[in-house]
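This report goes through a few features of one protein model. Please keep the sequence and the structure in view while reading.

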Amino acid sequence: MNVKRKVTFGEALLVIAFLIVALISTLKVFGGDPHMAILASTAFATLVALRAGYKWHYIEEGILETIKMAMQSVLILMVIGCIIGTWILSGVVPTMIYYGLKIISPGIFLIATCLICSIVSLATGSSWTTAGTVGIALLGVGAGLGIPAPVVAGAIISGAYFGDKMSPLSDTTNLAPAMAGCDLFDHIKHMVFTTGPSLIISCVVFGIMGFKYAGKELDTGLINTFLDTLSGNFHLSPLLLIPPILVIAMVVFKVPALPGLIGGTFLGGLFAYIFQGAGMTDIIGAAHYGFESATGVEAIDSLLSRGGLDSMMWTVSLILLAMSFGGTLERTGMLHVIVEKMLRVAKSRGSLVVTTFLTCVFCNLTTGDQYMSIVLPGRMFKEAYEEKGLHPKNLSRCLEDFGTITSPFIPWNTCGNFMYTTLMVHPFAYAPYALLNWINPLVSMFYGFTGITMEKLPETPKENDNKEEA
């Protein structure tokens with residue numbers, strides 16, 4: 001490689017500024033998706049690199065190498081689309097929603113709201129779908145109990161983002177380990193240490209807050225509509241909980257993600273045949289194109305009309321474009337000069353974690369897109385975590401603890417805007433009550449400073465030999 005000079009810090013910042021302007025104008029002014037903005041930013045970054053003397057074939061090699069790192073995540077996402085379609089067709093997802101709604105009780109309404117949304121989001125892998133369907137029903141129930149809408153919305157969002165983070169069906173849950181360079185199930189298990197305590201603390205606080213509503217009569221009209229519609233259109237059985245239990249078992253027993261999820265797809269098809277009487281045409285159609293619900297109840301149809309391999313192509317294309325942008329920045333040294341400046345203030349493990357937090361929040365504030373709060377910090381800090389001897393799953397956990405979880409707090413972010421439009425509660429109003437979403441980052445930063453659960457990279461034989469010689 002013959003390079004005239006290194007890319008300067010100013011040029012690297014210019015590329016980031018171009019990305020921010022392109023995303024804001026595309027998302028907010030022209031009403032488009034982030035794909036074209038990222039593609040244009042990749043082209044702009046390439047022009048800056050070519051001006052510095054980099055050759056196109058060298059940049060292209062960097063792009064392809066970076067995309068290769070995300071290919072496992074891409075394949076997993078495609079299979080997950082198939083799982084969602086077959087699990088809805090088989091009645092697995094409807095059964096999870098049904099039994100989740102059955103635990104509603106006036107005395108524990110806020111806790112139940114958080115847990116129900118956790119269950120639905122775990123089953124669907126989508127915080128948006130959860131908030132836009134079951135969340136709306138729960139808002140109506142809360143209104144009947146006299147509970148302020150911001151409080152109910154906070155409980156809904158807490159549960160929805162718990163599932164969004166922890167579900168192997170979630171796109172962000174797959175994107176974060178792809179950026180950090182670790183295994184999907186290792187990533188999920190490592191998040192238990194931060195997200196688990198955060199959920200427990202949130203539920204305790206919700207329980208205390210809900211005491212004053214315990215004596216009121218529960219208006220269950222909306223919930224009963226959900227229950228009657230689900231039971232009237234699907235054969236529901238506790239046996240249909242077997243597939244999600246097996247997914248949890250895969251995490252515990254370290255089954256490789258891709259073959260395990262493919263097995264889950266076939267199991268969904270088998271259960272669709274056994275419990276719902278679905279034919280092979282229906283099963284193949286649900287796996288490929290997704291499930292189309294036609295119950296006549298708009299909220300249920302919106303919740304269950306999803307899935308399929310094709311449904312993941314939007315996210316897959318975004319990942320490929322984002323990896324192209326990240327590969328260009330990494331290959332040409334732009335990421336290095338930016339990280340070098342930032343890491344001057346991140347001398348310790350704790351300060352590195354805090355710097356990751358600030359970067360993720362900055363990306364959510366400036367780019368208005370949750371995905372970029374995972375992609376950019378993931379590529380920027382990967383080497384920094386390795387240099388401090390930290391396992392990549394620490395970084396992947398931080399990306400979700402800081403990037404995924406803070407996105408609904410920002411009104412102009414796609415996530416905050418969606419929640420505002422759907423729940424009709426301003427992000428600044430529900431933010432104090434979205435307990436999990438601000439407790440989780442605090443727990444993660446506490447671990448960063450104390451070292452709790454911050455797993456080290458395994459020592460190489462050479463390192464062990466040097467220690468023995470010493």
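In which loop is Met424 found? Met424 sits in the loop between helix H21 (414-423) and helix H22 (427-430). The model is a predicted one, and every value below is computed from it.

**Two residues with positive phi**

Met424 is not a glycine, yet its phi is positive, at about 60°. The residue has a relative accessible area of 64%, so it is exposed. Thr453 is another non-glycine residue with a positive phi, in this case about 65°. Thr453 belongs to the loop between helix H23 (435-450) and helix H24 (461-469).

**Salt bridges**

The structure contains eight salt bridges.

| Glu11 | Arg51 | 3.2 Å |

The salt bridge of Glu11 with Arg51 has its closest N and O atoms 3.2 Å apart. Glu11 is in helix H1 (residues 9-29) and Arg51 is in helix H2 (residues 35-52), so this pair ties together parts that are 40 residues apart in sequence. Are Glu11 and Arg51 buried or exposed? Glu11 is buried, because its relative accessibility is 14%. Arg51 is exposed, because its relative accessible area is 61%.

Since Asp401 lies in helix H20 and Lys165 in helix H8 (residues 149-166), the pair ties together parts that are 236 residues apart in sequence. Asp401 has a relative accessible area of 0% and is therefore buried. Lys165 is buried too, with a relative accessible area of 0%.

Glu455 is located in the loop between H23 and H24, and Lys393 in helix H20, so the pair ties together parts that are 62 residues apart in sequence. Glu455 counts as partly exposed, with 37% relative accessibility, while Lys393 is buried, with a relative accessible area of 12%.

**Aromatic pairs**

How many aromatic pairs are there? With ring centres required to lie within 6.5 Å, the count comes to nine aromatic pairs. One of them is Tyr54 with Tyr58: the ring centres are 6.1 Å apart and the planes are at 25°, so this pair is stacked. The stacked label follows because the planes are under 30 degrees apart. Tyr54 is buried, at 8% relative accessibility.

Phe271 and Phe275 make a tilted aromatic pair, with 5.4 Å from centre to centre and 40° between the planes. Both residues belong to helix H13 (residues 257-276), where they are four residues apart, or about one turn of the helix. Phe271 and Phe275 are both buried.

**An enclosed helix**

Why is helix H4 (residues 92-101) described as largely enclosed by the rest of the structure? The reason is that nine of its 10 residues are buried. Among the buried residues of H4 are Val92, Pro94, Met96, Tyr98 and Leu101.

**Surface patches**

Ile200, Val204, Ile208 and Phe211 make a nonpolar surface patch of about 450 Å². Within this group, Ile208 lies in helix H10 (residues 184-210). Ile208 has 54% relative accessibility, so it counts as exposed.

A positive surface patch is formed by Lys341, Arg344, Lys347 and Lys388. Lys388 is placed in the loop between helix H19 (372-387) and helix H20 (392-406). The relative accessible area of Lys388 is 30%, which makes the residue partly exposed.

Technical notes:
Residues are numbered from 1 along each chain as its sequence is written. This is a predicted model: local features need pLDDT of at least 70, side-chain atom pairs count only at pLDDT 80 or more; totals for chains, interfaces and linings use all residues. Side-chain values use heavy atoms; hydrogens and water are left out. Patches are made of residues with over 30% relative accessible area and no salt bridge: like charges are joined within 9 Å, nonpolar side chains (Val, Leu, Ile, Met, Phe, Trp, Tyr) within 5 Å. Accessible areas come from the Shrake-Rupley method with a 1.4 Å probe; for residues, only the protein chains shown count as cover. A salt bridge is a side-chain nitrogen of Lys or Arg within 4 Å of a carboxyl oxygen of Asp or Glu. Lys and Arg count as positive and Asp and Glu as negative; His and the chain ends are not counted. The place of a charge is taken as NZ of Lys, CZ of Arg, CG of Asp or CD of Glu. Helices (H or I, at least four residues) and strands (E, at least two) are DSSP runs, numbered from the N terminus. Buried means under 20% relative accessible area, exposed over 50%, partly exposed in between (1.4 Å probe, protein chains only). Rings of Phe, Tyr and Trp (its six-membered ring) pair if their centres lie within 6.5 Å; planes under 30 degrees apart count as stacked, over 60 as edge-to-face and the rest as tilted.
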